[in-house]
There are 2 protein chains.
Amino acid sequence: MAQYQAPLRDMRFVLYELLDAGRALAELPGCEEATPDLVGAVLEEAGRIAEEVLFPLNRSGDEEGCRLEDGQVSTPRGFREAYRLFCEGGWPGIGADPDYGGQGLPTLVEFQVHEMWSAANVAFSLYPVLTAGAYRAIRAHADEALRRRFLPPMVEGRWSGTMCLTEAHCGTDLGLLRTRAVPAGDGGYRITGTKIFITGGDQDLTENIVHLVLARLPDAPEGVRGISLFLVPKRKVREDGSLGEANGVSPGAIEHKMGIRGAATCVMNFDDAEGYLVGPPNKGLACMFTMMNLERLAIGMQGLGLGEVAYQSAAAYARERLQGRFMGGPRDPDRPADPIVVHPDVRRMLLTARAYNEGNRALCAWAALAIDQAERHPDPAVREAADDLVALLTPIIKAFVSDCGFEVCNLGLQVFGGHGYIREHGMEQLVRDARIAQIYEGTNGIQALDLVRRKLFLHDGRLPGRFFAPVEAFVREAHGRAGMGEFVVPLEDALRRLRAVTAWLQEEGPQRPEELGAAATDYLRMFGLTALAYLWARAAAVALERLDGPERPFYEGKLAVARFYMQRLLPQVHALEAAVRAGGATLMALPDEAF
Amino acid sequence: MAQYQAPLRDMRFVLYELLDAGRALAELPGCEEATPDLVGAVLEEAGRIAEEVLFPLNRSGDEEGCRLEDGQVSTPRGFREAYRLFCEGGWPGIGADPDYGGQGLPTLVEFQVHEMWSAANVAFSLYPVLTAGAYRAIRAHADEALRRRFLPPMVEGRWSGTMCLTEAHCGTDLGLLRTRAVPAGDGGYRITGTKIFITGGDQDLTENIVHLVLARLPDAPEGVRGISLFLVPKRKVREDGSLGEANGVSPGAIEHKMGIRGAATCVMNFDDAEGYLVGPPNKGLACMFTMMNLERLAIGMQGLGLGEVAYQSAAAYARERLQGRFMGGPRDPDRPADPIVVHPDVRRMLLTARAYNEGNRALCAWAALAIDQAERHPDPAVREAADDLVALLTPIIKAFVSDCGFEVCNLGLQVFGGHGYIREHGMEQLVRDARIAQIYEGTNGIQALDLVRRKLFLHDGRLPGRFFAPVEAFVREAHGRAGMGEFVVPLEDALRRLRAVTAWLQEEGPQRPEELGAAATDYLRMFGLTALAYLWARAAAVALERLDGPERPFYEGKLAVARFYMQRLLPQVHALEAAVRAGGATLMALPDEAF
């Protein structure tokens, strides 16, 4: 059976041993209260909710799915009660500004918590994570009156948020969208159009739903420069914040999906619905990106969370399932067979899962801490550097971590053998749930294009240096430390290759944009693998220093997984480098009609 | 929407241009009638059945699934009628011996046909493919009286076959199995026990079901040396072949699975059921392997078939879906956007699919032709060489081709973006259906162990040479041919690496078996990739010779995909070689309890 315990020990390792988050957060105004003790207590309580409230509803939610009846969506049995508990605990607002009723905890903490929600019940987690993203966009771009009216109930969880971009004929290419907004004469707007794939577009968890909708004003220029952002509530909201009558917003259908079946994915009809402009006219896409960027990182956390459940479940199964004998001779001759964890190929799968999960946990936390620094650090140079790093890492985390998550879930299923394919064991649900993360909020191919076409060239190409500089500093310093050679040498090799390819893309890209497209996916994976090599080498450095303490097995485990990563997974960069260097001609030669 | 047209042109290319099957089959007694004309007509008719009869039932079969009511399994609506047509066409017996009513077509043809059934409706295809496997085991190991009694109705499709190995506590490790057989005194046996995961264990398509069951005789030695094979019909069969009363065989439950939901996967209870010994006592596992080896190859074909549907569907979608502009400037300025097939990253996905599909089609056909040669060639040395090659390639085809199939189905889904995740488009079903192929009939990890522990050492280690010799001969010969350098050089590099790793494993394995286990999966993939490099280089050689003919675009396509394969996919062998060379210590260091 799938099983889950919140990985609190590894989170502490990442936050306080690897990233020195105690010191880093203490430097940030507004984060002073997020001491290790407080954060520890928050994570422990979140872990309890994840394990005891959300995880038990995961499989039943998948079996039951959502229903649309009489224009109202129902979530699976148990979701309403769980959501009520969730709100009572104050979880919807943990990262929100205290000015609007939030708890003001750092993004670093919010991300750890989000990993746990995703692991325990990714379908459930989508409702609050979209609310958190909508909160961010409204807070950043709406005027203060709108913020006062809409944010406090969202922070409480009484109202939820959604993100309405996609239309049937356009997902990636938003320049084509047709939803219209016309001024109503009272300062407001009337929105008309149909959006598809709207997660939480309707549900029975909250009193109201705040849709953030991309639409065109009557005089808008064509394409992406003519898109504006509107706040469109399900029920109208009076100026005093009380609920009014129904707005012209209704779910037209819900989708039957491969997974995340407890999350209602709706076709949403906006029919002359009252809405409010958020941000300047025709700047809607940029405003929406405040939400989108958070969601992209959250999706990385989904891959990570599901990968964690897959690993834990597979490891437990592998320790218990008796089948075959260890090749070097029976390990447990008194039993009819050895547990399958003795078999090298089973270990290969489990170690792959661990290497990706723990490496990606560090990668996501590194980015989360950089978000906190970018928002709060007193030194503008530090803020700028952190902001650059977040911009660089966002597509990598969204795509690389979700790819790893899918791979790890499949490895977990594989460890279960035939039992993994049977629904009741819960492993195949992880695979189905993880699959969407590679697609939504911009497919992973789009993330790769964002990395190579945009992020490599932003601010005169300075972003990659925000990654290379700390890695190089670490390599230089670590070379001299006893026992670090086996970690630093492969890291340095991967870094050298990544730098060379990066320089080549930055050089060639402006003249030959299709070369960027041809390199994108393989380059992004190369970047992700190198980032993990850096974080595993740092983890090894920490572990080497603490081997003689009371937690020796924990640190020996880190060293073993770090070695496995360097020797068996990192060599992928060689193949990826070759693929990137092969260039665009390998892709473009075949005429379109030959496909 | 998922769509499928039988890939008859590529099958002709593989059979008659790449493998010269016309000449090869003409040499084989009993295959003289399988002329290119006859085979072409058979494949065309099979393609029609696949497209028009089986494919339309694929999604409805998945949605509806199978039911167990009152001890009887019902297959999805339409399956009975389709099966009737299938039998009327003589398809169940196309590869069977004319002595038992079969059409005696070569295995090479049977495999092409099976690819089409798998593509169109893999759940449906499992019923006849298991019958074909059971036919082979009975024909090879049962006495003539049993054969006369049971084979003709199986060849007609009136009766089906199953394969009953797994029990709840043992799948891979059959030495643990507990099902018992006791002599009944009349020359027959009584079988008692419970088997799980029995595909087609019950259904409503056939008059009777012939179960092949592994069980232990009362005096049997422990472990795999004490397993015997029994034929246990659902309904008893009188000596004249007429149906008698119900036997003690009943489905206890059907599984709810991730995919192949139109195939009934049953828990089967045998309760003092009458059965017949097949083959010698205690040699049941070896006899069952006659069936298992065929099923393993058939599973490779499943991955291939599903990958073909995924490719065709994704290619059609990519040519139609308008989204974004080509990076080198708009391709179609009069339309609102370009079709997504212009984007390099979409092409990367489509070309990956094609390179694996077409390469694997050639690989599977090569093995199928070798089966025909092993069974029929007049020269015993040719028979032996062919038999060795089949033994070597069987685990590679089962694992590598099913892994590629799953990857390709996921790429196909990805090309559809969010629409791929929605059930109605049919792409996510391909992913779910393809996933089982990596698990059943021995997980792909078990295939890899079969390759490194058994096949590398069989007959004093001569098997790998059956692959290396023709590849080396080809390389030597092709080096001198104009235009072949870009294909032969990477092939030669991969071959050199594979040979070196093979020699290392053959040298080290006997002393350090856990090294074999540690290398297994990565080594198998390295082997599969190198085999495809060989077949793509051969395809390129054929294409170069025929470029000036009327089908120039077809051959240009072959060259473009061959180049893509060599430059962008084959470099994986570098990473795999590094992983294999890293050795077992990277996997074995962590203590069992640390997982």
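At 35% relative accessibility, A:Arg512 counts as partly exposed in this predicted model. A:Arg512 pairs up with A:Glu515 in a salt bridge, with the closest N and O atoms 3.8 Å apart. That sits just inside the rule, because the cut-off for a salt bridge is 4 Å.

B:Lys558 and B:Glu358 form a salt bridge whose closest N and O atoms are 2.8 Å apart. This one ties together distant parts of the chain: B:Lys558 is in helix α16 (residues 552-569) of chain B and B:Glu358 in helix α9 (residues 344-376) of chain B, 200 residues apart. B:Lys558 has a relative accessible area of 4%, so it is buried. B:Glu358 has 13%, so it counts as buried as well.

Some salt bridges in chain A join up into a network, which links A:Asp10, A:Glu115, A:Glu308, A:Arg354, A:Glu358, A:Arg361 and A:Lys558. Over all chains, the rule counts 116 salt bridges.

One member of that network, A:Asp10, is also among the buried residues of helix α1 of chain A. This helix (residues 8-18) is largely enclosed by the rest of the structure, because eight of its eleven residues are buried. Besides A:Asp10, the buried set includes A:Met11, A:Phe13, A:Val14 and A:Leu15. The buried residues of α1(A) pack against several other helices of chain A, namely α2 (21-26), α3 (36-54), α6 (107-141), α9, α15 (513-546) and α16 (552-569). After α1(A) comes A:Asp20, which has a positive phi, near 50°.

The size of an interface is often given as the accessible area lost when the parts come together. Here, chain A and chain B bury about 7600 Å² between them, and carbon and sulfur atoms give 61% of that area. On the chain A side, A:Tyr421, A:Arg568 and A:Phe595 lose the most area to chain B, together 13% of what that side buries. In terms of residues, 87 from chain A are in contact with 89 from chain B.

The rule finds six salt bridges across this interface, and the side chains of A:Arg568 and B:Asp522 meet in a salt bridge at 3.2 Å, N to O. There are also 52 residue pairs in polar contact across the interface. Helix α9 (residues 344-376) of chain A gives the most to the chain A side, with seven residues. That side divides into 42 nonpolar, 23 polar and 22 charged residues.

A:Thr443 sits in the loop between α11 (427-435) and α12 (444-455) of chain A. With a relative accessible area of 16%, A:Thr443 is buried. Leaving aside residues up to four places away in sequence, A:Thr443 touches A:Lys398 and A:Gln438, plus B:Gln414 and B:Gly417.

How values were computed
Residues are numbered from 1 along each chain as its sequence is written. Chains are lettered from A and ligands numbered from 1 in the order in which they are written. This is a predicted model: local features need pLDDT of at least 70, side-chain atom pairs count only at pLDDT 80 or more; totals for chains, interfaces and linings use all residues. Side-chain values use heavy atoms; hydrogens and water are left out. Contact means heavy atoms within 4.5 Å. Buried area is the accessible area (1.4 Å probe) that two parts lose on being put together, summed over both. A polar contact is a pair of N or O atoms within 3.5 Å; within protein, one must be able to donate a hydrogen and the other to accept it, and residues adjacent in sequence count only if both atoms are side-chain atoms. Helices (H or I, at least four residues) and strands (E, at least two) are DSSP runs, numbered from the N terminus. Ala, Val, Leu, Ile, Met, Phe, Trp, Tyr, Cys and Pro count as nonpolar, Asp, Glu, Lys and Arg as charged, and the others, Gly among them, as polar. Buried means under 20% relative accessible area, exposed over 50%, partly exposed in between (1.4 Å probe, protein chains only).
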